[in-house]
Amino acid sequence: MNTTIRTSAFSLIILASLCGCSSVQSISSSTAQLASRIFHPNATPAAVPPPSPSLDAYKTQVAYHVMQRNPNQIFSGRLPPMLPAIVVLNITVDKDGQLKDVEVQRSRDPDASRVAVDSMRRSGPLPKPARLLADSDSLTFSETFLFNDQYRFQLRSVAGPQ
């Protein structure tokens with residue numbers, strides 16, 4: 001190992017320990033971690049826990065599920081510059097992914113609303129929300145249906161740019 005790097009790391013540790021202010025403590029712990037890696041390069045790092053599931057990840061999973069269950073209702077490719085209809089649904093599922101409720105939160109087109117709600121109902125059961133149900137027996141989230149002029153949709157959670 002390069003002696004200059006070891007000397008620099010040791011100097012930083014000494015400097016950080018001599019400074020007693022709280023803002024240096026975070027620098028000191030970072031310096032200690034760096035020094036540990038320099039002086040013990042073959043040490044095995046601590047295991048990193050897997051990332052916790054997020055609502056956005058779940059919504060993406062649900063969007064792909066809905067698209068698989070409604071292949072004749074979707075369109076692929078770039079979104080049109082002017083969307084003829086946009087429908088926002090509130091969707092409630094239980095721990096098993098069973099639909100408990102689907103309601104229109106926002107829409108100006110009753111036909112598009114009907115297509116969106118029917119597509120969600122055809123898609124049940126949805127993927128299980130896993131660990132997203134902390135203290136509740138259900139999860140409510142929203143999804144936006146973006147329609148073209150033939151009443152085919154893309155879901156905002158997985159749609160490309162407009």
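The paragraphs below go from the overall layout of this predicted model to one glutamate and then to its aromatic rings.

The protein has four helices and four strands. Along the sequence they come in the order α-α-α-β-β-α-β-β. Of its 162 residues, 31% count as buried. The accessible surface comes to about 10500 Å², and 53% of that surface belongs to carbon and sulfur atoms. Contacts can also be sorted by separation along the chain. Among contacts between residues at least 6 apart in sequence, 73% join residues at least 24 apart.

Strand 3 covers residues 138-147, and glutamate 143 has its place there. Glutamate 143 is buried, yet it has no salt bridge. Why does glutamate 143 have no salt bridge? The nearest side chain of opposite charge belongs to lysine 59 and is 5.3 Å away, whereas a salt bridge needs a side-chain nitrogen of Lys or Arg within 4 Å of a carboxyl oxygen. The side chain of glutamate 143 does reach the backbone nitrogen of arginine 156, at 3.4 Å. Leaving aside residues up to four places away in sequence, glutamate 143 touches Lys59, Ala63, Val87, Val88, Leu89, Ile91, Leu155, Arg156 and Ser157. Lysine 59 is thus on the list of residues that glutamate 143 touches, although no salt bridge is counted for this glutamate.

The aromatic rings come next. The count comes to five aromatic pairs. One of them joins tyrosine 58 and phenylalanine 141: the ring centres are 5.6 Å apart and the planes stand at 85°, so the pair is edge-to-face. Tyrosine 58 lies in helix 3 (residues 55-69) and phenylalanine 141 in strand 3, so this pair ties together parts that are 83 residues apart in sequence. Are these two residues, tyrosine 58 and phenylalanine 141, buried or exposed? Both tyrosine 58 and phenylalanine 141 are buried.

Phenylalanine 147 and phenylalanine 153 form another pair, with ring centres 5.9 Å apart and planes at 65°, so this pair is edge-to-face as well. The cut-off for that label is an angle over 60 degrees between the planes. Phenylalanine 147 has a relative accessible area of 0% and is therefore buried. Phenylalanine 153, at 0% relative accessibility, also counts as buried.

Note on methods:
Residues numbered from 1 in each chain as written. Predicted model: local features only at pLDDT ≥ 70, side-chain atom pairs only at ≥ 80, totals over all residues. Heavy atoms only, no water. Helix = DSSP H or I, 4+ residues; strand = E, 2+ residues; numbered from the N terminus. Buried < 20%, exposed > 50% of the residue type's maximum accessible area, 1.4 Å probe, protein only. Lys, Arg positive; Asp, Glu negative; His and termini not counted. Polar contact = N/O pair within 3.5 Å; in protein donor to acceptor, adjacent residues only side chain to side chain. Contact = heavy atoms within 4.5 Å. Areas by Shrake-Rupley, 256 points an atom, 1.4 Å probe, with all protein chains shown as cover. Phe/Tyr/Trp six-rings, centres within 6.5 Å; stacked < 30°, edge-to-face > 60°.
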